[in-house]
Amino acid sequence: MSMLTMGRVAIVMVALMVVSACGNSETSGGSADPQATWGVKAERSPYLEIADGEVTGSDGCNSLSGTYELEGDELTFSMKMSTMMACPGVDPWLAKLKSARVDGDVLVVFNREGEEIGTLDRTA
């Protein structure tokens, strides 16, 4: 193989690696993988932990738990348990979740009517 041919092969290989890497970064950078902690696990802060078909978390006052199904980047939740404490000064918006969409590192949360009720940032 001549030096010119080897140089062309090397250029083609580098080009393929760049195209492949770009495709992979789009997939992982805009990943629809919901398995993460969304929001900050802190007192009076809403958060969700999503893993292996199960979801747990807090609306900032009450504990939440249930299951989810993932289709594309859309999650549908079936909540099984929620405590019912009153916490003055806490907005329990997350207790109304029914579905969510992964948008990069943001989980956009919707209620039963399909209205956006809030967002949570991916934290882990």
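Predicted model: local features only at pLDDT ≥ 70, side-chain atom pairs only at ≥ 80, totals over all residues.
The model contains an open sheet of eight strands. Their order is β1-β2-β3-β4-β5-β6-β7-β8, and the pairing is antiparallel. Strands β1 (36-39) and β8 (116-121) stand at the edges. Each has a single partner strand, so one side of each is left without a neighbour in the sheet. From one strand to the next, the twist averages 25°.

Within the sheet, β4 spans residues 63-71 and β5 spans residues 74-82. These two strands pair in the antiparallel sense over eight bridges. Glycine 66 stands opposite methionine 79 in β5.

The largest nonpolar core has 17 residues. Those with the most contacts inside this core are Trp38, Leu48, Ile50, Leu75, Phe77, Leu94 and Leu107. Several strands supply the core. Two or more residues come from each of β1, β2 (46-51), β4, β5, β6 (99-103) and β7 (106-110).

Leucine 48 is one of the core residues with the most contacts.

Serine 45 lies in the loop between β1 and β2. Serine 45 and glycine 60 are 15 residues apart in sequence. In space, their C-alpha atoms are 4.2 Å apart. Neighbours within four places in sequence aside, serine 45 is in contact with Val40, Ser58 and Gly60.

Technical notes:
Residues numbered from 1 in each chain as written. Heavy atoms only, no water. Pairing = 2+ DSSP bridges. Helix = DSSP H or I, 4+ residues; strand = E, 2+ residues; numbered from the N terminus. Axes fitted to C-alpha atoms, helices over the stretch in contact; angles between N-to-C directions. Core = buried A, V, L, I, M, F, W, Y, C linked by side-chain atoms within 4.5 Å. Buried < 20%, exposed > 50% of the residue type's maximum accessible area, 1.4 Å probe, protein only. Contact = heavy atoms within 4.5 Å.
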